[in-house]
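Have the viewer open as you read.

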Amino acid sequence: MTNLRIPVALILTGTILIAISACTGNRPKVTAGFPWDIPATQPDRPLSKAMERLYTDYLTPRPEDNELFSSFAYTPLAGFDYHDGDGTVSRRDPSKVIFENGKYYVWYTKRHTPVPPRGAALSNDTIPSTDWDLCEIWYATSKDGLSWKEQRVAVPRPPKPEVGWRSVSTPDILKFKDKYYLYYQGFVEASGKKGDHCPVTASYADSPDGPWTPCRKIVVENGAAGTWDQFSIHDPYPLVYQGKIYLYYKAAFGDRPAYLVANGLAIADHPLGPFAKHPLNPVLNSGHETAYFPFGTGIATLTIRNGNESNTIQYAPDGVNFGIASVSALLPIAAGPYVPDAFADTRDGRGITWGLCHFTNRGHDWTRDYSVLARFDCDLSRDLHDPDLKQTQTNFSPEVYFSKGLNKRQLDRIRAQKVP
Ligand code: AAL
């Protein structure tokens, strides 16, 4: 009789090894700690969720090497007068910056009212309710992006009852087939009367210097009753992508103060629509005043304020399904980046290096509320590598921290605490 014991022993051993291997998921035995030299690609070893995420979620394990990570630098702008900060002149919510006729162009919300905003209850035909009430769309040009020359009004408030008669604000620019389109919020009541409620309308021109012709219709409609964007279609932001106009926008939904800010996407073949809202809207779960730009084959965005994913830079390979590409700090508020390939319908997006943003309540005095424009610089570009804009150990001066001090209620609570 053939000696069957050896094969039986082998089969038994093999079975046990297979069983062990199956229990440990065919994982190799961990022989040493995670390596000192950071592996450029995911190492073949058991990883914690955090270390696995380092390789699955981010372009590179180190943010300093990550083309979609940047820190930010800020510069005040020359050329804009704010009436000694008395709250009667405000500029905010800059558009993307474009380069035409040998200079840079930017459009923005301009308020020039006899008094500063007084809230909805006290507002009237000359008293603004908010910083963006009773506004027009103005534009400025620059040779260097630092010193600007305010030109003139691009889009005035149209006559009542046209969309935007109360205020036109928060513009963005599209160049499409050699024509120019300005998209902006069109208010038909003072912001704050019921809420910050408005749709989006547009004007068009053959030149960035105008003259601009209002299309005199709503271009991006408010959502159906009961839907997330039923009241506000804010911050219209057009790009040309996949051969169409991809217009991203923001809405805040839910009853304040328990509300959420998110972003949606509306797509059209023609700049004046019809725009079809994406069935997966909202496409960002955070982000008040976001800024988008082509990057590689997809779309990247600065997700700036509000929401679980504020202060992130995100990326969607299809322009729709965004994921966090990096986390940063002090992102530019209401960023209007200079996006050289914004309208190129590219699959090789190069990224951004600068743009304009705003600072609201510049005088830290709500009785003289006004906003100012500023410049930001960053390295979210595949054509630049500036280590000074890839800082994660950003040390802000203590004054930045102390500017966010305790309020009276918190101080009273602390002082009332019994010593344990
Ligand atoms: C901005 C933008 C929109 C809002 C208001 C003015 O930050 O989100 O434009 O309506 O605030």
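## Where the ligand sits

The ligand is found in the second largest pocket. Here "sits" means that more than half of a molecule's atoms lie within 2 Å of the grid points of the pocket or cavity. Pockets and cavities are searched on a 1 Å grid over the protein atoms alone: a cavity is a set of points where a 1.4 Å probe fits but cannot get out, while a pocket is an open set with protein on both sides within 12 Å along at least five of seven lines, and lining residues have an atom within 4 Å of a point.

This is a predicted model, where local features need pLDDT of at least 70, side-chain atom pairs count only at pLDDT 80 or more, and totals for chains, interfaces and linings use all residues. Residues are numbered from 1 along each chain as its sequence is written, and side-chain values use heavy atoms, with hydrogens and water left out.

## The shell around the ligand

Around the ligand you'll find Arg92, Asp93, Trp132, Thr170, Gln185, Asp196, His234, Asp235, Lys250, His288 and Glu289 (near means one heavy atom of the residue within 4 Å). By class, that shell has one nonpolar, four polar and six charged residues. The classes work like this: Ala, Val, Leu, Ile, Met, Phe, Trp, Tyr, Cys and Pro count as nonpolar, Asp, Glu, Lys and Arg as charged, and the others, Gly among them, as polar.

Now for some polar contacts (pairs of N or O atoms within 3.5 Å; within protein, one must be able to donate a hydrogen and the other to accept it, and residues adjacent in sequence count only if both atoms are side-chain atoms). The side chain of Thr170 has an N or O atom 2.6 Å from a ligand oxygen. For Gln185, a polar side-chain atom is 3.0 Å from an oxygen of the ligand, and for Arg92 a side-chain N or O atom is 3.2 Å from a ligand oxygen. On its own the ligand would expose 280 Å², and the protein buries 98% of that (areas by the Shrake-Rupley method with a 1.4 Å probe; for residues, only the protein chains shown count as cover).

## The ligand's pocket

The second largest pocket comes out at about 870 Å³, where a volume is the space filled by probe spheres set on the grid points, which are joined across faces, edges and corners. Its lining has 40 residues, with Trp132, Asp196, His234, Lys250 and Arg256 closest to the centre. Split by class, the lining has nine nonpolar, 18 polar and 13 charged residues.

Strand 7 (167-176), strand 11 (234-241) and strand 12 (244-253) each put at least two residues into this lining. Strand 12 gives the most, with three. Elements are DSSP runs numbered from the N terminus: helices are H or I with at least four residues, strands E with at least two.

## The largest pocket

The largest pocket holds about 1100 Å³ of space. Its lining has 27 residues, and Leu330, Ile333, Phe359, His364 and Lys404 lie nearest the centre. Two or more lining residues come from each of strand 1 (73-76), strand 20 (349-359), strand 21 (372-381) and helix 3 (398-402). The class count is 17 nonpolar, seven polar and three charged.

## Two cavities

How many cavities of 30 Å³ or more does a search of the whole structure find? There are two. The largest cavity has about 130 Å³ of space, with 15 lining residues, of which Pro94, Asp235, Tyr237, Thr290 and Ala335 lie nearest its centre. Strand 7 and strand 11 each supply at least two residues here.

The second largest cavity has about 60 Å³. Residues in its lining include Val155, Pro156, Tyr184, Pro214 and Arg216, and the lining divides into eight nonpolar, one polar and two charged.

Arg216 has a positive phi of about 60 degrees although it isn't a glycine, and Arg216 belongs to the loop between strand 10 (213-214) and strand 11. A cis peptide bond joins Gly273 and Pro274, with omega about 10 degrees. Another cis bond links Asn281 and Pro282, with omega about -5 degrees.
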